[in-house]
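Let's take a walk through a protein model together.

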Amino acid sequence: MSYNTETIAASLREARTAKGLSQRVLSAMTGVPQAQISRIEAGTVDPRTTSLVALAHALDMELALVPRKAVPAVRSISRQAIGPSSKSIAASLKEMNRISETLRNLQIKMPALEGITQLQKSFAGLERFQSLDIDPDVLRNIRKTMERLPDTSDQQEAIERSLNSIRGLRNQLAHQPLASQAEDRPKPAYSLDEDDDA
């Protein structure tokens, strides 16, 4: 398999997992057999152009021929446009699961502690966003604050800090513009230079 085929296979696999699609669902969306998608992602076959076009379209990607000199610029722009990497997404999901587990353990260890139910409700509100664009470090800090609750002398203050962090994160996600909204904004057909006013 050539270097370019490996790059294409990795890009398709990463885009599919970033969208949370299984190979079976992608197959249903594109008409490309699931076994063929598996072989393309594994790099065991050279994909046909028709399959690539169908997969790219379903994954909000575009196939383009780029002059070799422009490849570094295109890669840089692509990284910015794609958003969080699959590693970042996986780290965020892992932290979300760990926070959920920490809350369950706190409920068991400290059922009478006031504020645990409120923490669970706030976290449930955060989970509803299904956003993958959450900084895993922010989630890790929230989890560590919660894990220290049993050993903290001022538990109510720690609960309040955790609540404020979760609410702040939830508000940030709620007010984030959707990618589709950014694309729908009209773009000017031209711009005026300062020299044109004279």
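Start by finding T145, which lies in helix α8; helices here are DSSP runs of H or I with at least four residues, strands are runs of E with at least two, and both are numbered from the N terminus. Before going further, note that this is a predicted model, in which local features need pLDDT of at least 70 and side-chain atom pairs count only at pLDDT 80 or more, while totals for chains, interfaces and linings use all residues. Residues are numbered from 1 along each chain as its sequence is written, and side-chain values use heavy atoms, with hydrogens and water left out.

Is T145 buried or exposed? Its relative accessibility is 13%, so T145 counts as buried; buried means under 20% relative accessible area, exposed over 50%, and partly exposed in between, with a 1.4 Å probe and protein chains only. Setting aside residues up to four places away in sequence, T145 touches A158, R161 and S162, where contact means heavy atoms within 4.5 Å.

The axes of α8 and α9 are 9 Å apart, and the two helices pack at an angle of about 160 degrees. (Axes are lines fitted to C-alpha atoms, for helices over the stretch in contact, and angles run from 0 to 180 degrees between N-to-C directions.) That angle is why α8 is roughly antiparallel to α9; angles over 145 degrees count as roughly antiparallel, under 35 as roughly parallel, 65 to 115 as roughly perpendicular, and the rest as oblique. On the α8 side, the contact is made by V138, L139, I142, T145 and M146, and α9 brings A158, R161, S162, S165, I166 and L169.

Now look at the largest nonpolar core, which has 21 residues; L119, L126 and M146 touch the most other members. Such a core is a set of buried Ala, Val, Leu, Ile, Met, Phe, Trp, Tyr and Cys residues joined through side-chain atoms within 4.5 Å. Two or more residues come from each of α6 (86–109), α7 (116–127), α8 (136–147) and α9 (155–174), and α9 gives the most, with 6 residues. Leaving out neighbours within four places in sequence, L126 is in contact with M96, L139, I166, L169, R170 and L173. Apart from this core lies another, of 11 residues, including L26, I40, L55 and A58.

Finally, visit D60, in the loop between α4 (49–58) and α5 (71–82). D60 is not a glycine, yet it has a positive phi of about 55 degrees. With 62% relative accessibility, D60 counts as exposed.
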